[in-house]
Amino acid sequence: MWSKARSAAMLSLLTMVVLGMSQVVTANMTGQWSMQGQRDGRVRLKLEPNGSRAWVSTHLALTQFQGLTAEQLLSTTSPVNFRLVREAGTFTFSGSFHERAGTGQWRFNADPAFVSLLRQHGYEQPTSEELYALAVGDVRGSYIADLERAGYQKLPISQLVSLYTNDVSAEYINSLQSAGYSAISPNELVALRSNDVSVPYIKSLGDMGYKGLTTAQLIALRTNGVTRDFIERLQKGGQKNLSVERLLSLRTNPGIPD
């Protein structure tokens with residue numbers, strides 16, 4: 001669901017959050033933006049905060065921006081002013097476009113209601129950088145509540161952003177817990193989800209005798225294409241009760257048929 005481009009963008013975002021200072025919330029952040037219109041109705045947006053070498057690059061639907069149209073992307077003379085509204089706050093943009101490429105200045109203002117909501121969840125003094133990261137990632141208050149119900153309270157904001165942008169939903173967490181994987185760290189959850197380790201996949205391995213695998217083993221098997229069908233072919237050929245390491249070795253050997 002989430003593109004590699006967006007994953008790379010979020011890595012840049014998380015780097016910025018880690019570098020965030022311990023300052024209390026200020027009214028806004030500012031910086032420079034650049035945008036490239038795509039022919040699929042999306043744009044590639046790059047944000048560079050003033051006073052920081054960290055930057056964010058992500059792809060968004062043009063329709064997410066208020067006051068910006070496809071016609072304006074082709075403008076060569078008229079200035080543009082538009083907004084990107086998120087629950088955590090609002091980005092206000094000014095600048096100009098030439099042949100689908102635009103540049104200009106942006107300002108981010110945190111939403112006081114969202115700051116109050118964060119405090120209700122134990123985040124007493126979120127920094128400007130953290131609020132900015134939540135807004136770029138489009139993390140919602142409802143998602144924070146969902147995580148709490150799944151057993152993940154007051155996670156670092158950098159982890160909230162990482163979980164949300166990698167599509168680690170409460171439903172996904174609950175499904176893993178039902179399969180026997182509880183108390184998984186946020187980093188492990190991101191690794192499992194981003195490598196498409198699903199409960200049906202876990203159960204398919206269990207059906208072949210591979211139960212109680214570690215998260216690292218699940219990820220290794222999934223990313224190397226070890227499936228139930230592959231294990232069945234090996235067993236029909238007389239290779240049974242193989243270790244996970246042996247399965248991986250055979251799977252990566254070109255002599256083993258797909």
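# Reading the sheet, the cavity and the loops

Visitor: Which residue in S7 is the bridge partner of Phe 93?

Guide: The bridge partner of Phe 93 in S7 is Trp 106. The names come from DSSP runs, numbered from the N terminus: helices are H or I runs of at least four residues, and strands are E runs of at least two. Two strands pair if DSSP finds at least two bridges between them. S6 and S7 are joined by 10 bridges and run antiparallel.

Visitor: What kind of model is this?

Guide: This is a predicted model, in which local features need pLDDT of at least 70, side-chain atom pairs count only at pLDDT 80 or more, and totals for chains, interfaces and linings use all residues. Residues are numbered from 1 along each chain as its sequence is written, and side-chain values use heavy atoms, with hydrogens and water left out.

Visitor: What is the mean pLDDT of the protein?

Guide: pLDDT is the predictor's confidence in each residue, from 0 to 100. Here the mean is 88, and 88% of the residues reach 70 or more. Residues 1-12 stay under 50, and the model gives them 16 contacts beyond four places in sequence. A contact means heavy atoms within 4.5 Å. Residues 14-27 are also below 50 in pLDDT, with 29 contacts beyond near neighbours in sequence.

Visitor: In what order do the strands form the open sheet?

Guide: In general, strands of a sheet pair through backbone hydrogen bonds, either parallel or antiparallel. In this model the order is S3-S2-S1-S7-S6-S5-S4, an open sheet of 7 strands with antiparallel pairing. S3 and strand S4 (65-66) each have a single partner strand and stand at the edges, so one side of each has no neighbour in the sheet.

Visitor: How many bridges join strand S1 to S2, and how many join S1 to strand S7?

Guide: Strand S1 (residues 28-37) is joined to S2 by 7 bridges and to strand S7 (residues 101-110) by 9; both pairs run antiparallel. For examples, take Ser 34, whose bridge partner in S2 is Lys 46, and Thr 30, which stands opposite Arg 107 in S7.

Visitor: Which residue in the turn of the S6 and S7 hairpin has a positive phi?

Guide: Glu 99 does, at about 50°; the hairpin has 2 residues between its strands.

Visitor: Is Thr 90 buried or exposed?

Guide: Buried means under 20% relative accessible area, exposed over 50%, and partly exposed in between (1.4 Å probe, protein chains only). Thr 90, in strand S6 (residues 89-98), has 19% and is buried. Beyond neighbours within four places in sequence, Thr 90 contacts Arg 83, Leu 84, Val 85, Arg 107, Phe 108 and Asn 109. Of the 258 residues of the protein, 44% count as buried.

Visitor: Why is helix H6 described as largely enclosed by the rest of the structure?

Guide: Helix H6 (residues 157-165) has 7 of its 9 residues buried, so the rest of the structure largely encloses it. Among the buried residues are Leu 160, Leu 163 and Tyr 164. Just after H6, Asp 167 takes a positive phi of about 65°.

Visitor: Where is Asn 187 found?

Guide: Asn 187 is in helix H8 (residues 186-194) and is exposed, with a relative accessible area of 58%. The C-alpha atoms of Asn 187 and Leu 163 are separated by 8.2 Å, with the two residues 24 apart along the chain.

Visitor: What is the volume of the largest cavity?

Guide: On a 1 Å grid over the protein atoms alone, a cavity is a set of points where a 1.4 Å probe fits but cannot get out; lining residues have an atom within 4 Å of a point. Grid points are joined across faces, edges and corners, and a volume is the space filled by probe spheres set on the points. The structure holds 2 cavities of 30 Å³ or more, and the largest has a volume of about 60 Å³.

Visitor: Which residues line the largest cavity?

Guide: The lining consists of Leu 45, Leu 47, Val 56, Thr 58, Leu 60, Leu 84, Arg 86, Phe 91, Ala 135 and Val 136. Strands S2 (42-49), S3 (56-61) and S5 (80-86) and helix H4 (128-137) each give two or more residues, and S3 gives the most, with 3. The lining divides into 8 nonpolar, 1 polar and 1 charged. Ala, Val, Leu, Ile, Met, Phe, Trp, Tyr, Cys and Pro count as nonpolar, Asp, Glu, Lys and Arg as charged, and the others, Gly among them, as polar.

How values were computed
1 Å grid on protein atoms, 1.4 Å probe; cavity = no way out; pocket = protein on both sides within 12 Å on 5 of 7 lines; lining within 4 Å.
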